[in-house]
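The sequence and the structure are shown first.

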Amino acid sequence: MLVIGIAGGTGSGKTTVVNKILQQLNTEEVSVLSQDNYYHDNKSLTYAERENLNYDHPKSIDFSLFIEHIRALKNGENIEQPIYSFVTHTRTQDTLHIEPKSVLIVEGILVLSHPELLKELDLKVFVHADPDERLIRRIKRDTQERGRDLNEVLHRYQTTLRPMHLEFIEPSKNEADLIVPNMRNNNVAIDFLTSAIYNSLKK
């Protein structure tokens, strides 16, 4: 199994990269695990308490379960991926059944920041976008898809998102084998990734 890690700041275009790869491949050969579904389940906290947690710090991620599931897939085992709700800030009652395939894409803002997780990755990709571009995308996503208030989004950006990006996410760029800038007409990077996957599948 070829395991590809795709990281980058919030709103950098990671999902776009993944979708473009899937468009060029036989998706029956590819599984995708999103770090977003591996936030700790904080149902014991009130909604107000959950709302104030720092979701951009590595401690917010259940890396133990995340890595356990990656290793299980690499060993040919099925997993039940949790499903996380950004509306309630908790895991839902449902899970997503995922079976091992020839290629596993692991994506999320902190994917390249965890030493143990790095050991599981065969190819490491960092998607870069300018801070203002990322902020605009974050505002659109959180207000339109997650029901957030604009002032709340801006406050979270200033107090947690930007500081955590500078402390944990940006330095993880040094772990990348490939840096994809901005995703604007960057078909060369997508073609490179697709070729690497094709070569792996041939083996």
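**A hairpin and its surroundings**

Strands β3 and β4 form a hairpin in which 4 residues lie between the two strands, and His89 in the turn has a positive phi of about 60°. The model is a predicted one, and the description that follows should be read accordingly.

Individual pairs can be located in the structure: Ile79 stands opposite Ile98 in β4, and Glu80 stands opposite His97 in β4. As a general principle, the side chains of a regular strand alternate between the two faces of the sheet. Strand β3 is mostly covered, with 5 of its 7 residues buried.

The turn itself deserves attention. His89 is found in the loop between β3 and β4. Its phi, near 60°, is a positive value in a residue other than glycine. Is His89 buried or exposed? The relative accessible area of His89 is 3%, and His89 is therefore buried, since the cut-off for a buried residue is under 20%.

Tyr47 lies in helix α2, which comprises residues 47–51. Leaving aside residues up to four places away in sequence, Tyr47 touches Val87, Thr88 and His89. Tyr47 and Thr88 are 41 residues apart along the chain, and their C-alpha atoms are separated by 7.0 Å. Tyr47 counts as partly exposed because its relative accessibility is 37%, a value that falls between the limits of 20% and 50%.

Ala7 lies in strand β1, which comprises residues 2–7. With a relative accessibility of 0%, Ala7 counts as buried. Which residues does Ala7 touch, not counting residues up to four places away in sequence? The contacts of Ala7 are with Lys14, Gly108, Ile109, Val111, Leu112, Val125, Phe126 and Val127.

**The protein as a whole**

These local views belong to a protein with 7 helices and 7 strands. Read along the sequence, the elements follow the pattern β-α-β-α-α-β-β-β-α-β-α-α-β-α. The radius of gyration of the protein is 17 Å, close to the 17 Å that the globule rule gives for 203 residues, so the protein is as compact as a globular protein of that length. Along its principal axes, the C-alpha trace spans about 50 × 35 × 30 Å.

Among contacts between residues at least 6 apart in sequence, 76% join residues at least 24 apart. Buried residues make up 50% of the 203 residues.

The protein has 24 positive and 29 negative side chains. The centres of these two sets of charges lie 3 Å apart.

Notes. Residues are numbered from 1 along each chain as its sequence is written. This is a predicted model: local features need pLDDT of at least 70, side-chain atom pairs count only at pLDDT 80 or more; totals for chains, interfaces and linings use all residues. Side-chain values use heavy atoms; hydrogens and water are left out. Buried means under 20% relative accessible area, exposed over 50%, partly exposed in between (1.4 Å probe, protein chains only). Contact means heavy atoms within 4.5 Å. The radius of gyration is taken over C-alpha atoms; the globule rule is 2.2 Å times the number of residues to the power 0.38. Lys and Arg count as positive and Asp and Glu as negative; His and the chain ends are not counted. The place of a charge is taken as NZ of Lys, CZ of Arg, CG of Asp or CD of Glu. Two strands pair if DSSP finds at least two bridges between them.
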